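Please look through the sequence and the model, then turn to the notes below.

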Amino acid sequence: MKPFAYLRPADESAAIEAASREPRSTMFIAGGTNLVDLMKEGVAMPDRLVDLNRLPLSRIETTARGLRLGALARNSDTANHAAVRQRYPLLSQAILAGASGQLRNVATNGGNLRQRTRCPYFYDVNQACNKRLPGSGCGALQGFNRHHAVLGASEQCIATYPGDMAQALHALEATVQVRDPDGRRAIPIADFHRLPGNEPQHDANLAPGELITAIDLPADAARFASRSVYLKVRERASYAFALVSVAAAVDMDGNRIREARLCLGGVAHKPWRVREAEAMLKDARPDAATLRAAAEAGLAEARPLAHNGFKVELARRLLVRAISQLTLDHATERRA
């Protein structure tokens, strides 16, 4: 591991000031569940680490607009918080599906959003990877790409975003609060993560040295509390990254879908909001033909590679299963 300087500031201002001195060679560290691995493998080689763990950013509190999750709140504390479980159970489900208890006890909310792809070509410094070394090429394009993107990819990168929590945050339309030396700003979650385009080295729309301070869940999203589910298909039953996952939430009006929120994981460089399917489901009766047509529309732009074509049909079926599960429960309650 490359030698590095280690700083442990006591407040936000000191952390941001420390990072702003050399922002392109400085990285924040909290739980370290991803970053430490990257440093051991020689993928990440910062000159300076700024430890955030002394910062008072771990509170989870109700606000006038909803619920604010501190960036340094641990994943376990977030998933098990009473307000999250009661008002935003989709988020709790996604976090619990994401990692073992040991990892959730260490990982933070902000760090979860910033975790990097697990593409093996990214992790292997002997392979070409534009995300790790811009301009070097993408070994996965002609290599083994079973786990790679079928939506939103580019000729520069076909890696997928690995997390679970973010899919739920996209479905709930959360907002990410950030701060840098010039002040604070709010980033809608839909604008936080990026597609690879010609700059796959950038995972998120954050400037170097910009610090995540909180994640806000809107009060309005609590209307999905009784009709939400996170489904995840993986290659083994124990904790693993998703082949395909879906965060689904439904608001019903009688026997029609007033609104559906759908976000896929494991299929793109960022959590993939399935807006075409959502539009088709608006005010629709959730019969089998409608759900299948919505799933087909949601995957219409999919471009599978040599080894991951199965992901397209898997994603379609997962979408149908999620909406069926949520709306079937509703119909059963009405008949009871």
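How do the residues of the lining of the second largest cavity divide into nonpolar, polar and charged? In this predicted model, that lining has two nonpolar, four polar and three charged residues. The points below cover the cavities, the nonpolar cores and the salt bridges.

**Cavities**

- Three cavities of 30 Å³ or more are found in a search of the whole structure.
- The second largest cavity holds about 60 Å³ of space, and its lining consists of Gln 115, Arg 116, Thr 117, Lys 131, Thr 160, Tyr 161, Pro 162, Asp 203 and His 269.
- The largest cavity has a volume of about 80 Å³.
- Sixteen residues line the largest cavity, and those nearest its centre are Cys 119, Cys 129, Cys 138, Cys 157 and Ala 159.
- Ten residues in the lining of the largest cavity are nonpolar, five are polar and one is charged.

**Nonpolar cores**

- In soluble globular proteins, nonpolar side chains tend to be buried together.
- The largest nonpolar core comprises 38 residues, and the members that touch the most others are Leu 91, Leu 113, Leu 169, Phe 192 and Leu 217.
- At least two residues of this core come from each of β5 (66-70), α4 (82-87), α5 (89-98), α9 (165-172), β6 (175-180), β8 (211-218) and β10 (244-253).
- Helix α9 supplies the largest share, six residues.
- Beyond its neighbours within four places in sequence, Leu 91 contacts Leu 69, Thr 78, Val 84, Met 165, Ala 168, Leu 169, Leu 172 and Leu 217.
- Another core of 31 residues lies apart from this one, and its members include Leu 151, Ala 260, Val 274 and Val 312.

**Salt bridges**

- The whole structure contains 26 salt bridges.
- Asp 220 and Arg 223 are joined by a salt bridge at 3.0 Å, N to O; Asp 220 is partly exposed at 44% relative accessible area, and Arg 223 is partly exposed at 31%.
- Both residues belong to a network of salt bridges that also links Glu 173, Asp 251, Asp 253, Arg 258, Glu 259, Arg 261, Arg 273 and Glu 278.
- In helix α11 (residues 288-298), Arg 292 and Glu 296 lie four residues apart, about one turn of the helix, and their closest N and O atoms are 2.9 Å apart in a salt bridge.
- Helix α12 (residues 310-335) holds Glu 313 and Arg 316, three residues apart, whose side chains form a salt bridge at 3.0 Å, N to O.
- Glu 313 is partly exposed at 23% relative accessibility, whereas Arg 316 is buried at 18%.

Notes. Residues numbered from 1 in each chain as written. Predicted model: local features only at pLDDT ≥ 70, side-chain atom pairs only at ≥ 80, totals over all residues. Heavy atoms only, no water. Core = buried A, V, L, I, M, F, W, Y, C linked by side-chain atoms within 4.5 Å. Buried < 20%, exposed > 50% of the residue type's maximum accessible area, 1.4 Å probe, protein only. Contact = heavy atoms within 4.5 Å. 1 Å grid on protein atoms, 1.4 Å probe; cavity = no way out; pocket = protein on both sides within 12 Å on 5 of 7 lines; lining within 4 Å. Points joined across faces, edges and corners; volume = space filled by probe spheres on them. Nonpolar A, V, L, I, M, F, W, Y, C, P; charged D, E, K, R; others polar. Salt bridge = Lys/Arg side-chain N within 4 Å of Asp/Glu carboxyl O.
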